[in-house]
2 protein chains.
Amino acid sequence: MPQKIGKFTTRLDTSPSILSFASVVSKKEGEGPLAGYFDIICDDTAFGEQTWEKAESRMQKDAVNKALEKAGLSSSGIDYIFAGDLLNQCISSTYGLRDLGIPFFGLFGACSTMAESLCLSGMLVEGGLANTVVAVTSSHFCSAERQFRFPLEYGGQRTPTSQWTVTGAGAAILGKQTAPPYLREICVGTIEDMGIKDMNNMGAAMAPAAAATLSRFFEDTCTGPDNYDLILTGDLGLVGSSLLCDLLAKEGYALAGKHNDCGLLIYDREKQDVHAGGSGCGCCASVLCSYVLPAIREGTLRDVLFIATGALMSPTSVQQGESIPSIAHLAHISALPGPQ
Amino acid sequence: MPQKIGKFTTRLDTSPSILSFASVVSKKEGEGPLAGYFDIICDDTAFGEQTWEKAESRMQKDAVNKALEKAGLSSSGIDYIFAGDLLNQCISSTYGLRDLGIPFFGLFGACSTMAESLCLSGMLVEGGLANTVVAVTSSHFCSAERQFRFPLEYGGQRTPTSQWTVTGAGAAILGKQTAPPYLREICVGTIEDMGIKDMNNMGAAMAPAAAATLSRFFEDTCTGPDNYDLILTGDLGLVGSSLLCDLLAKEGYALAGKHNDCGLLIYDREKQDVHAGGSGCGCCASVLCSYVLPAIREGTLRDVLFIATGALMSPTSVQQGESIPSIAHLAHISALPGPQ
């Protein structure tokens with residue numbers, strides 16, 4: 001039986017396995033430090049499609065199909081799929097996955113979607129409600145820029161705190177316990193809002209949510225940073241990561257040497273002109289499903305806390321003077337299953 | 001233990017209860033045939049807020065707080081909340097619910113959101129992953145019109161097939177089995193796309209999804225329309241309802257006398273100038289949480305199939321020449337719990 005630990009954390013007693021996973025990225029990500037880890041790198045940012053939105057849909061479909069192929073599964077063997085993305089009405093997911101015929105749960109968690117979908121997938125497997133579930137998300141630099149910021153043709157200058165939306169997708173298939181990686185615990189976030197209003201400083205808006213979820217998880221589980229090999233946030237970037245460390249230091253938790261951020265791992269900030277680092281749903285999805293999960297499977301990383309954060313505003317809410325609410329969900333992924 | 005029946009349907013063996021529910025609507029809905037059933041009717045379509053988006057957020061918050069109050073619960077007694085809406089980045093939900101401090105799962109299922117959130121809430125309770133879960137959604141005529149169609153000031157003429165977005169919200173709290181209504185079975189939909197491209201004829205785009213989910217459910221459970229007192233779709237309206245009946249007749253299921261649609265119940269089509277009926281996430285949410293659930297609680301309705309459909313396009317995808325994918329999720333809600 002699943003077990004609530006403290007107020008916010010749930011221990012998945014059956015330790016569901018991440019059976020398979022796959023990542024898809026484009027040219028810029030393929031020129032970064034993680035190039036050797038991705039399953040598919042497409043140099044054409046349009047992925048052979050006529051629009052950026054369709055390119056993003058294509059990435060999500062390719063990521064799911066690749067993960068299915070690696071697991072030796074067909075889409076008819078999947079009970080449910082959880083998917084979401086940043087675009088209005090989540091069209092990358094709905095158009096990308098419409099041909100698969102898998103019972104579909106659409107999510108909106110902004111850049112927290114990969115962690116949100118992992119949590120829900122793990123819960124359904126743990127509760128005996130599903131045997132195999134897919135969690136998938138994506139983002140695309142060009143579709144995000146024109147929706148959230150400026151038309152690319154405008155050539156607007158970017159502030160130093162701004163982050164570069166990753167063109168990428170990641171998909172993971174969860175199932176009953178077989179082999180590592182195992183999903184051991186989850187901690188679902190609440191909406192946090194510290195009053196940040198700068199749409200070009202998402203890291204700062206999201207850091208308080210990551211701090212809240214992490215400190216609740218540590219408290220609920222009576223653990224601290226030393227119990228984990230890696231504490232990996234989704235896309236706080238340089239500014240948000242530094243803020244997170246400061247916020248948790250005030251709570252008595254020292255993240256130094258343990259924390260990293262997918263937005264800092266995916267690009268070479270010295271050479272790739274991405275300012276404060278990578279961002280977008282596809283950032284942590286593609287990093288998790290390429291670089292991180294194989295390391296847990298092989299045992300080079302044993303215990304990883306994966307915390308994806310989402311900024312839950314829209315251009316409309318910001319234009320109306322609203323601040324930026326954010327959320328962070330956590331998944332403890334391990335090379336070892338938990339005690340039964 | 002939950003039990004998969006056939007390929008698509010899951011029987012919730014513990015028959016979770018819908019512990020409490022509440023509905024919030026505005027002036028036009030308060031002038032319709034269901035006026036006497038709503039918890040809150042606010043004649044000010046802005047709900048005292050400065051923008052329509054904030055008004056919609058306010059409705060969602062009020063619906064949740066009213067449902068909590070009716071159950072004698074506080075927000076700290078809720079394990080999770082599932083919420084979503086039609087607006088870009090689901091801002092009605094995120095801004096409306098940010099102060100509640102409840103672990104939050106954001107959904108995007110368009111007008112299927114109430115059924116999607118009921119299915120997921122029921123699954124978590126059934127699987128022992130939660131004791132109490134809230135499912136909530138909303139829509140607002142004015143925020144939807146300006147986002148999906150034309151500025152209101154433009155005064156554009158509406159086609160006969162167009163539907164009127166309900167200004168309303170509905171919230172339901174699910175928990176372990178105590179009293180009726182009970183959630184007995186769920187059937188999660190797949191994305192269907194029959195190639196409809198007319199954004200002013202949502203009913204036609206969504207009817208095939210409702211037909212697919214309903215016929216799968218009948219097949220999985222070896223039941224038919226005669227086994228239920230009411231088969232209630234979300235917002236197919238006049239055109240979509242007629243199509244649904246035609247599509248199911250071809251499969252050998254006669255819906256006549258059993259089927260109704262929330263979009264046809266909520267307005268008086270003769271007097272209220274809503275063309276093909278009501279629509280929006282808040283349509284079936286407010287009808288379910290006002291008129292339908294009390295009837296099941298009192299036993300005047302015994303077995304109801306609640307099927308909410310969502311059209312999963314965006315203005316961008318339609319401008320790019322895409323057709324409208326849709327989805328339908330089903331919840332069998334009953335005055336009697338299932339056999340253990």
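Tutor: Let us begin with how an angle is taken: axes are lines fitted to C-alpha atoms, for helices over the stretch in contact, and angles run from 0 to 180 degrees between N-to-C directions. This is a predicted model, and in it the axes of helix α2 (residues 52-71) of chain B and helix α5 (residues 141-148) of chain B come within 8 Å and cross at roughly 135 degrees.

Student: Why are α2(B) and α5(B) called oblique to each other?

Tutor: Angles over 145 degrees count as roughly antiparallel and 65 to 115 as roughly perpendicular, while the rest, once those under 35 are set aside as roughly parallel, are oblique. The crossing angle is roughly 135 degrees, and α2(B) and α5(B) are therefore oblique to each other. Their crossing is left-handed.

Student: Which residues make the contact of α2(B) with α5(B)?

Tutor: B:W52, B:E53 and B:E56 of α2(B) meet B:C142, B:S143 and B:R146 of α5(B), and by class these residues divide into two nonpolar, one polar and three charged.

Student: What makes α6(B) oblique to α7(B)?

Tutor: Helix α6 (residues 202-221) of chain B and helix α7 (residues 237-250) of chain B pack at an angle of about 40 degrees, with their axes 8 Å apart. Only angles under 35 degrees count as roughly parallel, and roughly perpendicular starts at 65, so α6(B) is oblique to α7(B). Here α6(B) passes α7(B) in a right-handed crossing, and the contact has ten nonpolar, three polar and no charged residues.

How values were computed. Residues are numbered from 1 along each chain as its sequence is written. Chains are lettered from A and ligands numbered from 1 in the order in which they are written. This is a predicted model: local features need pLDDT of at least 70, side-chain atom pairs count only at pLDDT 80 or more; totals for chains, interfaces and linings use all residues. Side-chain values use heavy atoms; hydrogens and water are left out. Helices (H or I, at least four residues) and strands (E, at least two) are DSSP runs, numbered from the N terminus. A crossing is left-handed if the near helix is turned anticlockwise from the far one by less than a right angle, and right-handed if clockwise. Ala, Val, Leu, Ile, Met, Phe, Trp, Tyr, Cys and Pro count as nonpolar, Asp, Glu, Lys and Arg as charged, and the others, Gly among them, as polar. Contact means heavy atoms within 4.5 Å.
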